[in-house]
Amino acid sequence: MAQDTAVPKLNFEYWLDKAIEWGQATTLESQRDVCLHLHQLQEFLHQLYETIKHLGSTAAIQQFPLIGQLLGRLCWNPFVIGYDESQKTLMWCLCCLYSSEPQNAVELKANSWIRSLLCHLLSSSKWESNEAETSTFISALGYTSADYYCHLVKNMVDSLVRELRENQFNGLNFQESISASRVNAVSIFCVPLLTLPDLTPLVETLLLYHGGSSKEILSSEFLEAVNEAFLKKKISLPESAVFSLWLRHLPSLEKATLHLLDQLFSIQLNSLEEVAHVIKDSLLPQAASHPAIFRIVNEIFKNALMETDGTSELLTIIQVFTQLFLQAHQDENRQQKFPLKAYFPYHHQPLVRGLVRRPFEVPTTYWSQHVKHISDMLKALVEDSNVSSLTDLFEIWFLVACFGEWLDIAAELLLKDAVEPDAVLWLLAFYYCPKNENQQRTQTMAEAQAVYSHLMMLFSCADLSLKDLGAAVHRVTRVEQCCNQHFTTHLLTNFLLFSPGGHKIAQECIYHITEITDTRKEVYNLLTRTAYRFNHSGEENQRTVKLLNELLQKLTLKV
């Protein structure tokens with residue numbers, strides 16, 4: 001417990017008189033006097049800190065009404081703040097005076113004054129531009145101004161980090177533990193100084209610090225500022241600190257996710273490799289290994305899809321994100337892994353297990369069987385009488401859409417492998433037309449079956465012309481429903497990529513389709529996904545890869 005007698009009133013007045021007498025130590029006489037009293041002053045400051053650290057800002061000011069004047073004067077004395085641990089002790093004393101929840105204009109003004117005082121203490125530019133006495137003092141220590149600043153900040157940060165870490169490990173010792181309000185004050189003091197490299201260890205320690213409080217002890221201003229600086233690449237933090245930031249501050253996670261989407265839509269990216277690099281660099285897929293982060297990011301993606309009416313670009317981004325998340329999840333230490341149900345708690349678990357298996361984990365000879373298994377489970381779920389609302393249907397559709405690799409493989413298998421076409425066509429029909437109002441999905445299925453049958457009759461032909469594909473092209477360009485058009489375009493594009501005669505007319509046919517219909521973006525995104533998968537699996541022949549690159553060059557983006 002703090003004792004009123006720890007710092008006698010007369011002693012406080014003595015040091016206040018001394019601080020006024022010294023000023024900023026601009027004369028030789030005052031400098032000598034400061035040096036003679038530095039040790040005793042440090043002891044006094046330590047006693048003062050021990051007295052006020054458990055009082056709270058209001059009680060501390062009531063007991064020592066002139067404490068602000070004393071600390072303010074000492075903070076401007078270069079000899080005082082340069083001595084041993086005096087600067088650290090002044091810092092902690094200021095923390096004790098900071099109101100974490102200011103109740104009036106006076107407390108708000110006091111908080112502002114304290115923040116500006118800390119900025120003064122740690123600002124190298126002010127020290128370097130101050131009067132000659134400061135430079136003389138620093139030079140006498142054998143440092144340049146920059147060296148002195150670096151050593152001073154580093155020592156203070158090291159001291160704070162050590163104290164916070166020791167407190168974390170000694171959390172049950174309440175008498176010695178650091179109060180939540182003081183940690184909150186330190187976090188606020190860091191806000192204007194975040195981009196100082198020397199401060200990074202303290203920022204990291206604060207982000208990983210939890211203390212014994214059930215409430216958030218770091219200020220929201222600090223968390224928001226750290227997130228902003230990280231997103232703008234003004235600071236570099238270890239992954240653990242970034243993940244802790246997003247776990248403890250939901251607005252920062254939301255902002256990071258929206259920032260990633262804005263970034264992907266605002267810059268010209270020529271391949272999915274570049275998209276994947278930007279997504280991975282954001283650290284969001286790695287952070288999503290924690291189920292809480294994964295579910296929140298997924299919710300943001302869902303809302304974005306609904307707001308954009310499910311654009312193919314956004315779907316492709318979500319699919320790449322999901323692949324990177326699965327990769328990060330697989331790389332996790334097995335003892336630390338969360339079960340799949342933690343990420344998809346409300347979904348049919350056998351379907352989840354089927355979708356999360358990456359294609360490279362399944363032998364290609366079993367792909368057809370795996371796709372049929374997914375289709376059968378999905379159809380049983382969708383046709384279940386319990387799935388009656390559009391919300392339920394959307395949740396199932398979104399789950400399938402996240403794992404778009406299997407959908408693209410399913411469309412290829414229709415043309416390249418011996419599969420049950422009805423099961424695969426139904427799977428793709430559901431993806432392109434999840435709602436079956438007015439038999440919409442049934443009509444999509446019938447349209448796709450007709451296009452598929454026509455294409456299969458031509459698949460083995462080595463010599464084709466655009467006229468041979470007339471019926472299929474006519475269906476693509478004349479269908480009224482957008483979902484039908486996208487589905488049939490998908491089938492026709494795959495036919496051109498994988499049939500022996502399709503290569504010769506691919507550019508002409510795709511140019512014809514995309515000029516007449518509004519499918520340029522869909523075709524471009526399908527081709528980029530296919531190229532991305534081939535580049536990572538090496539499963540396709542060089543002729544097809546070459547055609548893919550030529551088509552992508554032709555389509556580059558007027559989108």
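Before looking at helix packing, I note that axes are lines fitted to C-alpha atoms, for helices over the stretch in contact, with angles from 0 to 180 degrees between N-to-C directions. Helices are DSSP runs (H or I, at least four residues), numbered from the N terminus.

This is a predicted model, so I keep in mind that local features need pLDDT of at least 70 and side-chain atom pairs pLDDT 80 or more, while totals for chains, interfaces and linings use all residues. Residues are numbered from 1 along each chain as its sequence is written, and side-chain values use heavy atoms, without hydrogens and water.

**Helices 13 and 14**

I looked up helix 13 (residues 220–231) and helix 14 (residues 239–248): their axes lie 11 Å apart at an angle of about 130 degrees. Contact means heavy atoms within 4.5 Å; on the helix 13 side I find Leu223, Val226, Asn227 and Phe230, facing Val242, Leu245, Trp246 and Arg248 of helix 14.

**Helices 15 and 18**

Next I checked helix 15 (residues 250–266) and helix 18 (residues 291–308), whose axes come within 10 Å and cross at roughly 50 degrees. That makes this pair oblique too.

**The core**

A nonpolar core joins buried (under 20% relative accessible area, 1.4 Å probe, protein chains only) Ala, Val, Leu, Ile, Met, Phe, Trp, Tyr and Cys residues through side-chain atoms within 4.5 Å. The largest has 180 residues, and I see Leu202, Phe222, Trp246 and Leu469 touching the most other members. For Leu202 I listed Val157, Leu160, Val161, Leu164, Val186 and Cys190, leaving out residues up to four places away in sequence.

Technical notes:
Helix = DSSP H or I, 4+ residues; strand = E, 2+ residues; numbered from the N terminus. Buried < 20%, exposed > 50% of the residue type's maximum accessible area, 1.4 Å probe, protein only. Parallel < 35°, antiparallel > 145°, perpendicular 65-115°, else oblique.
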